[in-house]
Amino acid sequence: MDTLTRIRAFIDVVEAEGFSAAARKTGRSKALLSKYVKELEDELGALLLNRTTRQFSLTEAGHTYYRTAADILKEIDNLADLVRENNADLKGKLKVTVPRTFLDAEIGQSLIDFAKENPELSLEIVAEDRFVDLIEEGFDLGIRITKLDDSGMIARKLSDFRLYACATPEFVAANQPLIHPSELSRLPFLIDTNSRSHNSLRFVDADGATISVGVSGPIEVNSPQATLRAARAGMGIAMLPDFIARPYIVSGELVSLFDDFIAKDRGIYAVYPHRRYLPAKVRAFVDYLHAWFKRYT
C-alpha cells in the first residue's frame, strides 16, 4: 500500500471529523480507513489521532502532519488537474467564499451561470460577511470587495467598485445644505455594520487627505439591502455598494451625495492562495468571472 493512499485516508478522516463519517463520504469501510491510518502512524512512528468510542481528536503531531500533508496532496492534485486541463472537462469540487452582499445582489448570478455551464464541477458557495482565512478553512478561492491589502495572496481584479451615499430626493430637500461630508454627523444615518468602521465613515478631499465623519442613526444592521429599504423609506442616508444603489439612482428614486469625496480605491477581486500549480478549476472560474463582469457591468 503506497503512502499517498494512507495520507489520503488520514486527511479524509480528519476533515470528516471521524472514521464513520469519512467512511460514508468516501465509500470505503471504517475498518479499511482505520487500517490505513494505523499503517501511516506505524510508518511515521508517531500517534496522529486520539480515538475512543466517543471522542476523536488530533494529537500535536497529527496537527502538524495534517497541515503539511494536506498542502502536499493539494499540490499533487493541482498538478494532475494541470496536466489534464486540455483533455478533460472541469470536474471535482470548487469551494468558494463570497460576501453575502455579493451573492444576494444581481452580480451573484455570475456564480450560478458558471455552475450551469460546468455541470460536472461541484460548486460549493459559502456566503460569509466576516473575513475568511482561505488556507485555514479549506477554500479554493474567495471573492472580496475591498481596497486590497498585501495579504500574501494572489488577486485578480474582476471589476471596479465604489460606494454611494444615498437618500431620497425628499430627504435631501428637507435637510439642505448637503455640501460637505461633515454634514452627516448631524443627520440620521442608516448603518451597515458589515463595514469595518461602520460608525466612522472615511472620505477624501481634493488633495487626497482623509476625512473621518462619525455617524449615528435609527438603524444598525448587517445588511446593505436593509439599509437600502430604509433609505427608500426616507429614514436617512445610507452608504450603498454601486451594484445595489445604481438602479435606484438611475431611476431618480435615490440621490447620490458627496460624490467628489468618496474614495474610488476599491474593487471586486478573486483571491486565492499562492500555489506552484494553480488548479485548472480555479483558473477557469476566475477567467469566467472576469469575462462575465466585462459583459454585464
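Okay, let's start with Phe258, which you'll find in the loop between strand 13 and strand 14 (266–273). Helices and strands here are DSSP runs numbered from the N terminus, H or I with at least four residues for helices, E with at least two for strands. Phe258 is not a glycine, yet its phi is positive, about 55°. Its relative accessible area is 6%, so Phe258 is buried. For that label the cut-offs are under 20% relative accessible area for buried, over 50% for exposed, and partly exposed in between, with a 1.4 Å probe and protein chains only.

Quick housekeeping. This is a predicted model, where local features need pLDDT of at least 70 and side-chain atom pairs count only at pLDDT 80 or more, while totals for chains, interfaces and linings use all residues. Numbering runs from 1 along each chain as its sequence is written, and side-chain values use heavy atoms, with hydrogens and water left out.

Glu17 sits in the loop between helix 1 and helix 2 (19–26), and with 65% relative accessibility it counts as exposed. Then there's a cis peptide bond between Gln176 and Pro177, with omega about 0°. Pro177 is in the loop between helix 7 (169–174) and strand 8.

On to charges. Side chains of opposite charge can pair when their charged atoms come close. How many salt bridges does a search of the whole structure find? It turns up 14, counting a side-chain nitrogen of Lys or Arg within 4 Å of a carboxyl oxygen of Asp or Glu.

My pick is the network that links Arg6, Lys35, Glu39 and Glu43 through salt bridges. Inside it, Glu39 and Arg6 meet at 3.0 Å, N to O. Glu39 belongs to helix 3 (residues 30–44) and Arg6 to helix 1 (residues 3–16), so this pair ties together parts 33 residues apart in sequence. Arg6 is buried at 13% relative accessible area, while Glu39 counts as partly exposed at 22%. Glu39 also has a salt bridge to Lys35, with the closest N and O atoms 2.8 Å apart. Those two are four residues apart in helix 3, which means about one helical turn separates them. Lys35 is partly exposed, at 41% relative accessibility.

Elsewhere, Arg232 and Glu253 form a salt bridge whose closest N and O atoms are 2.6 Å apart. This pair links distant parts of the chain, 21 residues apart: Arg232 is in helix 8 (residues 224–232), and Glu253 is in the loop between helix 9 (242–251) and strand 13 (255–257). Both ends are partly exposed, Arg232 at 36% and Glu253 at 30%.

Now Lys281, in helix 10 (residues 280–296). Buried or exposed? Lys281 is buried, at 14% relative accessible area. A polar atom of the Lys281 side chain lies 2.5 Å from the backbone oxygen of Lys93. And Lys281 is 8.4 Å from Gly92, C-alpha to C-alpha, although 189 residues separate them in sequence.

Five of them make an open sheet with mixed pairing, in the order 11-8-12-7-13. Strands count as paired if DSSP finds at least two bridges between them. Strand 8 (residues 188–192) and strand 12 (residues 237–241) pair in the parallel sense over two bridges, with Leu190 opposite Ala238.

There's also an antiparallel pair, strand 9 (residues 200–204) with strand 10 (residues 210–214), over five bridges. In that pair, Phe203 stands opposite Ile211. The two strands form a hairpin with five residues between them, and Gly208 in the turn has a positive phi of about 90°.

Last stop, the surface. Leu4, Ile72 and Ile76 make a nonpolar patch of about 230 Å². Ile76 is in helix 4 (residues 60–84) and is partly exposed at 33% relative accessible area. Patch members have over 30% relative accessible area and no salt bridge, with nonpolar side chains (Val, Leu, Ile, Met, Phe, Trp, Tyr) joined within 5 Å and like charges within 9 Å. Areas come from Shrake-Rupley with a 1.4 Å probe, and for residues only the protein chains shown count as cover.

Key. Polar contact = N/O pair within 3.5 Å; in protein donor to acceptor, adjacent residues only side chain to side chain.
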